[in-house]
2 protein chains.
Amino acid sequence: MRVTIADVAREAGVSKTTVSRVLNTKGEVDITTAARVREVIASLGYVPSSGAVGLARGSSRTVGMLTPPLNWPWMGEVLQGVVDTVEAAGYGLLLFTCNRGAESVEHFTSQVSARAFDGLLLVEPENTLDTITAMHRKGLPVVLIDDRGHHPEFPSVATTNREGGASAARHLLAVGRTRPLVITGRRHFGCVRERLSGFLDVLPTGLVAEGDFTEASGRLAVERTLAAGTPFDSVFAHNDLSAVGALRALRAAGRTVPDDIAVVGFDDIPMAQHTEPPLTTVRQPMREMGETAARMLLAHLGGTPAPDEPVVLPTELIVRRSAPAS
Amino acid sequence: MRVTIADVAREAGVSKTTVSRVLNTKGEVDITTAARVREVIASLGYVPSSGAVGLARGSSRTVGMLTPPLNWPWMGEVLQGVVDTVEAAGYGLLLFTCNRGAESVEHFTSQVSARAFDGLLLVEPENTLDTITAMHRKGLPVVLIDDRGHHPEFPSVATTNREGGASAARHLLAVGRTRPLVITGRRHFGCVRERLSGFLDVLPTGLVAEGDFTEASGRLAVERTLAAGTPFDSVFAHNDLSAVGALRALRAAGRTVPDDIAVVGFDDIPMAQHTEPPLTTVRQPMREMGETAARMLLAHLGGTPAPDEPVVLPTELIVRRSAPAS
DNA sequence: CTGAAAGCGCTTACAG
DNA sequence: CTGAAAGCGCTTACAG
């Protein structure tokens with residue numbers, strides 16, 4: 001049925017060893033022999049069995065990726081960056097999520113041990129970091145995307161959260177806003193702490209509400225601040241989703257954006273272009289982060305030692321109408 | 001280094017065959033022997049090598065998935081549905097995209113032939129359908145998600161596009177709209193033709209603009225219709241993105257939604273909840289479609305013959321303020 | 001109920 | 001430059 005290396009060898013009148021050699025361009029092979037073998041390979045439509053190759057070589061040429069829920073608005077970009085890079089290198093991408101709690105972690109763990117993949121890409125591991133750290137110590141190459149400030153012991157790629165926060169503050173200051181309301185994510189995330197302190201360094205404020213990255217939390221923060229009667233002239237939300245919530249609460253309260261209140265978000269998810277008004281936001285280079293992480297992992301698998309400092313990609317302030325330039 | 005079945009066998013004082021039997025609960029094994037083997041497996045932390053198992057069994061317990069760009073707004077949901085289902089069955093998911101054109105198709109094709117996966121899930125294949133059809137004929141199990149009306153020769157899961165279009169029309173009619181503008185996607189997509197004819201059956205109109213599922217195309221369609229001076233009291237856009245474009249164009253022209261013009265979209269992407277006003281839309285059950293397709297493929301791999309009729313999941317009209325009920 | 005042996009399809013020393 | 005043989009870690013008839 002299936003065409004094997006033995007079939008090719010027989011048809012070409014050489015040994016399997018020789019076929020293997022031309023397949024992997026390893027060792028010297030007579031140029032005519034090689035040509036003949038190649039011809040047979042083509043005419044038979046032979047493709048090496050990845051399973052057999054993996055078993056013999058002890059590696060699977062596959063990379064694993066463990067992600068948070070895939071419907072998070074920016075996961076698509078990260079994943080696309082990873083897939084493109086991994087595919088271009090001739091590797092496969094095995095996808096796992098930690099959606100189904102303990103059960104899926106178990107499934108994932110067993111796949112790791114089963115050597116189903118050679119290295120692992122990790123996105124914002126909520127509660128699997130310990131497990132992963134253990135695996136990494138046992139020799140599994142790991143690269144982390146967005147460490148949320150946990151600073152683990154393996155290579156990671158992050159973004160300039162502190163500078164991103166600072167750039168938001170500088171922008172608000174430049175357009176004359178001095179009394180901002182800051183809506184954060186959960187404080188235990190390193191990225192949240194960094195965005196906050198970067199912002200506060202430039203534009204100090206006592207008005208800081210802890211949110212949880214949901215639209216509802218953004219809405220709630222604004223509603224409460226309005227109800228308390230505390231004056232503010234701008235909002236810096238730690239992600240776009242909560243900025244969207246802020247926009248709605250402001251509109252519902254009859255406040256005009258940006259005239260009464262300017263709003264700046266963080267992430268630049270696709271939705272940010274389509275809010276009313278469109279959202280000024282600090283862009284995270286999600287796709288580039290995915291690409292970079294994948295390249296680092298592949299390089300590591302190829303023998304290049306991994307950088308021990310996190311690779312940090314720059315954020316970029318995207319100015320739209322919710323906090324215009326002038 | 002690595003713990004193998006031989007280590008377990010030695011430690012337990014049995015043959016590899018016996019270990020394999022308790023591993024796969026296949027054949028009769030003495031209950032005490034089995035217990036002892038299980039103990040050794042646990043204490044040694046033995047996990048079968050997926051590569052070796054795959055080679056010996058001739059199957060990889062892995063499913064492939066070929067998708068359009070992953071940053072499409074509803075891909076996350078589909079993917080999540082698939083991953084959950086596949087993981088729960090103990091399978092791995094190997095992800096491919098047809099992003100990089102010919103090159104990635106080639107990479108993908110070679111993975112297929114390499115038997116890197118046992119079956120394939122396919123989402124809206126733009127131009128790979130021929131290749132896939134050929135593979136299917138050669139015995140690769142395939143399930144298609146959202147066939148866009150191409151009606152291929154393999155199993156597929158779709159949604160009620162025609163009824164979805166009809167439900168949009170009924171809703172508009174119920175709220176007193178009689179002069180709709182329809183903004184379609186490209187006409188060669190089956191889903192577009194179905195949505196359109198379902199709509200027109202209920203609410204005929206001559207005002208049909210062909211778009212291409214982008215926000216810009218929705219905006220353009222509205223701008224042109226307004227410029228032409230043709231009166232209309234509502235918009236039915238074939239996807240949410242172009243509905244968003246329509247909303248913006250209407251606002252820019254000073255028309256009020258829904259008072260002047262009611263707007264209905266299709267898809268129910270996350271953004272639909274956050275437009276101004278929030279978008280009434282025909283929801284496609286993306287996650288369920290992913291789950292269903294995965295279940296069908298797994299069942300097929302398990303020996304159950306695949307249904308030869310497409311499995312059709314119902315759409316649902318989600319009423320929001322852009323076209324309210326009363 | 002249990003085991004020895006062959007085989008899955010490759011790669012890789014080793015020898016020539 | 002080339003090949004025979006062992007080995008990667010399993011499963012599966014076959015025999016007992």
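In the predicted model, the C-alpha centres of domain 2 and domain 3 of chain A are separated by 30 Å. The chain A division, with bounds from an automatic or database domain assignment, comprises domain 1 (5-48), domain 2 (59-159 + 286-313) and domain 3 (161-285). Because the model is predicted, local features require pLDDT of at least 70 and side-chain atom pairs count only at pLDDT 80 or more, whereas totals for chains, interfaces and linings use all residues. Residues are numbered from 1 along each chain as its sequence is written, chains are lettered from A in the order in which they are written, and side-chain values use heavy atoms, with hydrogens and water left out.

At the interface of the two chains, 49 residues of chain B are in contact with 49 residues of chain A. The area buried between chain B and chain A is about 4,000 Å², and carbon and sulfur atoms give 54% of it. Two salt bridges are found across this interface. B:Arg251 pairs in a salt bridge with A:Glu276, the closest N and O atoms lying 3.3 Å apart.

Over all chains, the count comes to 28 salt bridges. Within chain A, A:Asp201 forms a salt bridge with A:Arg162, for which the closest N and O atoms are 3.0 Å apart. A:Asp201 belongs to helix α9 (residues 190-202) and A:Arg162 to helix α8 (residues 161-174) of chain A, so the pair ties together parts that are 39 residues apart in sequence. Helices (H or I, at least four residues) and strands (E, at least two) are DSSP runs, numbered from the N terminus.

The axes of helix α5 (residues 75-88) and helix α12 (residues 286-301) of chain A come within 7 Å and cross at roughly 35°; axes are lines fitted to C-alpha atoms, for helices over the stretch in contact, and angles run from 0 to 180 degrees between N-to-C directions. Residues making the contact include A:Val78, A:Val82 and A:Thr85 of α5(A), together with A:Gly290, A:Ala294 and A:Leu298 of α12(A).

Two cis peptide bonds were examined. The bond from A:Val257 to A:Pro258 is cis, with omega near 5°, and A:Pro258 is found in the loop between α11 (240-252) and β9 (262-267) of chain A. The bond from B:Glu276 to B:Pro277 is likewise cis, with omega near -5°; B:Pro277 is placed in the loop between β9 (262-267) and β10 (280-283) of chain B.

Notes
Contact = heavy atoms within 4.5 Å. Buried area = accessible area lost by both parts, 1.4 Å probe. Salt bridge = Lys/Arg side-chain N within 4 Å of Asp/Glu carboxyl O.
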